[in-house]
Amino acid sequence: MADPKMRILVVDDFSTMRRIVRNLLKELGFANVDEAEDGAIALQKLQAGGFEFVVTDWNMPNMDGLQLLQAIRSTPSLAQLPVLMITAEAKKENIIAAAQAGASGYIVKPFTAATLAEKLQKIFDKMGV
Amino acid sequence: MSDFSGMEDLLQDFLQEASDLLSDVDNKLVDLEKDPGDRRLLNDIFRGFHTIKGGAGFLNAAELVTLCHLTENLFDKLRNAEMQLTPELMDTIMAATQGVRAMFGELSQAVQPRPAPSEVIHALRVALHEQEPEATAAQAAAPEAPKSDDPVMTPSAQSADRGSAGGPDWQALHAAVTGQESVASPVSPAKSSVALEPAGSKAVATEAELTPHFPPEGRRATDKPGFVGTGATTGRRNEEKIATRESTIRVDTARLDQVLNLSGEIGLTKNRLTSLRADILAGRNDSETLHALDQAVSQLDLLVSDLQNSVMKTRMQPIGRLFQKYPRIARDLARQLGKDVELALVGEETEVDKTMIEDLADPLVHLVRNAVDHGVESPEERLAAGKPAKSVVRLEARQEGDHIVLIIADDGRGMSPERIRNKAIEKGLIREEEANTLDDRQSLNLIFLPGFSTMTQASAVSGRGVGMDVVKTNIQKLNGSVEIRSEPGKGSVFIISLPLTLAILPVLLVLLGDQPFALPLSMVREILPIEKEKMQEVGGKETLVVRGEVLPVVALSRLLGWPQLQTPEYGVLMQTSERSFILSVDSFAGRDDAVIKSLDDFRPRGVAGVTTLSNGQIVLILDMKELLADLNAHVDRDAIAKQHPKAIELSA
């Protein structure tokens, strides 16, 4: 498993959901977690630097998860950042859109720590961590 | 027994956040009714249901997930203009949000929600052109899903490989989407139902695009008046449940930081004082030390009052959180009664103490319902009276000094003092001779008597056993007051006045002889000397002219029933919501922020509470409204009321 000190940004407009994801990450040993309420705030935090992983919701006001992902991929300093999309949207079109925008992984809510661990591991494997 | 052991915290968080979200959705639905094509609203509502669904999934609340999912799909179609919003569809959506709220109610009892009423689910599925699940499973999903799957999936797999250099595991993702993987997850019941439906609805949707939008069953299912009726009834029961107390509060972190910061500063000042005390005890009392002591104490003074303010502010919540719930209540009730009513909200950002918001929920529901039910006329009556068919009920909050004023105003038929008097006599609430002495304002106040109801028959809507008397009692418990203004044919206005907080009250200390009394500073406009020669007598009352305004002078001693030992030298110009007067006192002792201690069981009339002065002396805080009312009643009994109603009002 990857470095447990890895700094992770959790993006969701629903604070309960941020807490859920945060707790699941903590269960997996990742405690260095910051939160953002929407894509726009997330992008600001990411641009300030220091984050190694992003877990983002799709449906959010101001800037949604897909727009955030596109913005990340088109910013040279962030382009390589792994982004895991979490959403209740299980439609094929959505997954394809996420894939085309360069998502590193996609999880459909609700999920468990085990599912999250599995998805994270797959991403780490691909990254060669 | 809790269905959520180990998840109580999560459940609490979810309920609080999701309830706010649902109120917001409710409001946006009311807005949407006015502007059915607003894409932004459609999007926001879609996102609301989507977010609730996501959270509900983690709580394994399968029924809530299903209901939100269906509603969300409906809004997905609406926002993509695949469907038009019709009044029938609106009813279905309203019933669905009520269903969601009912489930929140069940969740708050820590039980898994039961399935939504089958007619709601049915109406949603019909609207979505989905067939009943029994039929779908056999016909639609089985033969169609695999057929449509293959051709779509192949390009998707390709594009996935091209699209992302990282090469995510799309096989597994697809498995997650189609639900094949669901056995692995402990939350499988919720998950599989979610995961399967898009595939089904997708297949049916393409087929449905060819058929007319609303099949006849859809109409019938939603058109039945009984259907709307039952929906609204459940809704009302739930609205009442909203009033249950929340034991947690959400506070802006900036406010908490301020509290933290101030308590830190106080700690530093305390250290300074400790070291100064050591110096002084050691015999140092040079001017430098004393100056430092003076400085430290003044600083502490400032810090403590800032801290008090900051702590108070953490309890303050925008009243909009409460207001949000009313447009929907007004709308449902108006529809039920066949009236056209818009509830206009004003001043939602006004901040009110959290306890007060909770205690206001019920009285306001009652007043809003009352305005829609009794205040507003039917559209026909309104048109006949030359008014627009649509009525506007205004719910307003604003801060006036250190008071919060809430206004519920309708433009309906208004109240007739005459009719109210007759009704009260008929009901045996007052005697006829008593009724004859009442002026219009007092007559209107009769509706607050227990057992009063202006309608000959309580309608289905208001027959809830909660009367206006309860409204008044609840507001009085908050140290507030209610006032009615009404003009027949033009409408009625209920004005509720409440203190900003129940804990701290800025007061003016006045002296009667040596005895200090505290007056709420909010009512004090100015202090002026009383010069005997400038006093004028009008209608047997002493008055003083202040900048052209003739104001009655009332001696505090007279209000309290104390003997007048010396001639009052000062006047305090006091202002209540509707009258001004000068209170004459012997002298002043200054102003103070009184920490109110209530006199629990023993509460003499005219006394709001007690406070302790810095020298340890105990001071009564006077309730001017009560004292004035007593004086009024006294004068009324003298029956001068008939001749000089205006003077009486001023004499108070």
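## Helix packing and cores in a predicted model

Let's start with a helix pair in chain B: H15 (residues 354-375) and H20 (residues 468-477) pack at an angle of about 150°, and their axes are 9 Å apart. Keep in mind that this is a predicted model. Angles over 145 degrees count as roughly antiparallel, so H15(B) and H20(B) are roughly antiparallel to each other. Their crossing is left-handed.

Who touches whom here? On the H15(B) side you'll find Asp359(B), Asp362(B), Pro363(B), His366(B) and Leu367(B), and they meet Val471(B), Asn474(B), Ile475(B) and Lys477(B) of H20(B). Sorted by class, the residues of this contact are 4 nonpolar, 2 polar and 3 charged.

There's another pair to look at in chain B. Helix H11 (residues 253-281) packs against helix H12 (residues 287-314) at an angle of about 155°, with the axes 9 Å apart. That angle makes H11(B) roughly antiparallel to H12(B). The crossing of H11(B) and H12(B) is left-handed, and their contact has 15 nonpolar, 7 polar and 6 charged residues.

Here are the two pairs in a table:

| Helix pair | Angle | Axis distance |
|---|---|---|
| H15(B) and H20(B) | about 150° | 9 Å |
| H11(B) and H12(B) | about 155° | 9 Å |

Now for the wider view of chain B. Its secondary structure comes to 23 helices and 18 strands, and 35% of its 652 residues count as buried. Take the contacts in chain B with a separation of 6 or more: 68% of them are between residues 24 or more positions apart.

On to the nonpolar cores. The largest one has 86 residues, and Val100(B) and Leu124(B) are the ones that touch the most other members. Helix H4 (residues 87-108) of chain B supplies the largest share of this core, 10 residues. Leaving out residues up to four places away in sequence, Val100(B) touches Leu22(B), Ile52(B), Leu64(B), Leu67(B) and Cys68(B). Apart from this core lies another one, of 44 residues, and its members include Ile319(B), Leu333(B), Ile447(B) and Val471(B).

Finally, a quick stop in chain A. Helix H4 (residues 92-101) of chain A has Ile95(A), Ile96(A), Ala98(A), Ala99(A) and Ala101(A) as its buried residues. After H4(A) comes Gly102(A), with a positive phi near 100°.

Terms used. Residues are numbered from 1 along each chain as its sequence is written. Chains are lettered from A and ligands numbered from 1 in the order in which they are written. This is a predicted model: local features need pLDDT of at least 70, side-chain atom pairs count only at pLDDT 80 or more; totals for chains, interfaces and linings use all residues. Helices (H or I, at least four residues) and strands (E, at least two) are DSSP runs, numbered from the N terminus. A residue is buried if 20 or more other C-beta atoms lie within 10 Å of its own, exposed if 12 or fewer, and partly exposed in between; C-beta atoms are placed from the backbone. Two residues are in contact if their C-beta atoms, placed from the backbone, lie within 7 Å. Axes are lines fitted to C-alpha atoms, for helices over the stretch in contact, and angles run from 0 to 180 degrees between N-to-C directions. Angles under 35 degrees count as roughly parallel, over 145 as roughly antiparallel, 65 to 115 as roughly perpendicular and the rest as oblique. A crossing is left-handed if the near helix is turned anticlockwise from the far one by less than a right angle, and right-handed if clockwise. Ala, Val, Leu, Ile, Met, Phe, Trp, Tyr, Cys and Pro count as nonpolar, Asp, Glu, Lys and Arg as charged, and the others, Gly among them, as polar. A nonpolar core is a set of buried Ala, Val, Leu, Ile, Met, Phe, Trp, Tyr and Cys residues joined through C-beta atoms within 7 Å.
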